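Please keep the sequence and the 3D view at hand while reading.

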Amino acid sequence: MNVSVVSPEKKVWQGDADMVVARSPEGEFAILTGHIPFLAALVPGVVKVSSGDDSEIFFITGGVLEASGSNDEYHVIVLVDDAERVGDVDLDEAKRRLMASRGREEDIDQRAEAEMRVALGRVEIARQESH
């Protein structure tokens, strides 16, 4: 199946894959070729695109996943607010962003809360990669 990971600024990744794993508000899910048409909101976290023994893993800040098509033309589009390869997430920068978002806690609104969830996810991913 053809998979695209796209942000408003750029095409982050495109290629063929066997499976895409992502997380929605309801939990983690996997898409394989031929899956029923599917649309899901994505929460901050990891999107894993696998083909055989190879995987591309991205940290995303949220977005939408759409999967559809016939078996010959099956595709998955992951439209994200922002994405970076997990190996490129810098732990110090992630901690700085988390501290900055926590500094705005007294003004908690939906946007500040979402920014804090993204920053916390970025720190967790960077810590996992540094071990």
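Leaving aside its neighbours within four places in sequence, which residues is Glu66 in contact with? They are Phe38, Leu39, His75, Val76 and Ile77. Contact here means heavy atoms within 4.5 Å.

## Basis of the model

This is a predicted model: local features need pLDDT of at least 70, side-chain atom pairs count only at pLDDT 80 or more, and totals for chains, interfaces and linings use all residues. Residues are numbered from 1 along each chain as its sequence is written, and side-chain values use heavy atoms, with hydrogens and water left out.

## Glu66

Glu66 sits in strand 8, which covers residues 63-68. Strands are DSSP runs of E with at least two residues, helices are runs of H or I with at least four, and both are numbered from the N terminus.

Glu66 counts as partly exposed because its relative accessibility is 25%. The cut-offs are under 20% relative accessible area for buried and over 50% for exposed, with partly exposed in between (1.4 Å probe, protein chains only). The Glu66 side chain makes a polar contact with the side chain of Ser68, at 2.5 Å. A polar contact is a pair of N or O atoms within 3.5 Å; within protein, one must be able to donate a hydrogen and the other to accept it, and residues adjacent in sequence count only if both atoms are side-chain atoms. Arg85 is 19 residues from Glu66 along the chain, and their C-alpha atoms are separated by 20 Å.

## Ser4

Ser4 belongs to strand 1, residues 2-6. Its relative accessibility is 11%, so Ser4 counts as buried. Not counting residues up to four places away in sequence, Ser4 touches Trp13, Gln14, Val76, Ile77 and Val78.

## The whole chain

The chain has 2 helices and 10 strands. From the N terminus, the order is β-β-β-β-β-β-β-β-β-β-α-α. Of the 131 residues, 38% count as buried. Residues 24 or more positions apart supply 50% of the contacts with a separation of 6 or more.

The C-alpha trace spans about 50 × 30 × 25 Å along its principal axes. Why does a radius of gyration of 15 Å agree with a compact globule? Because a compact globule with 131 residues would have a value near 14 Å. The radius is taken over C-alpha atoms, and the globule rule is 2.2 Å times the number of residues to the power 0.38.
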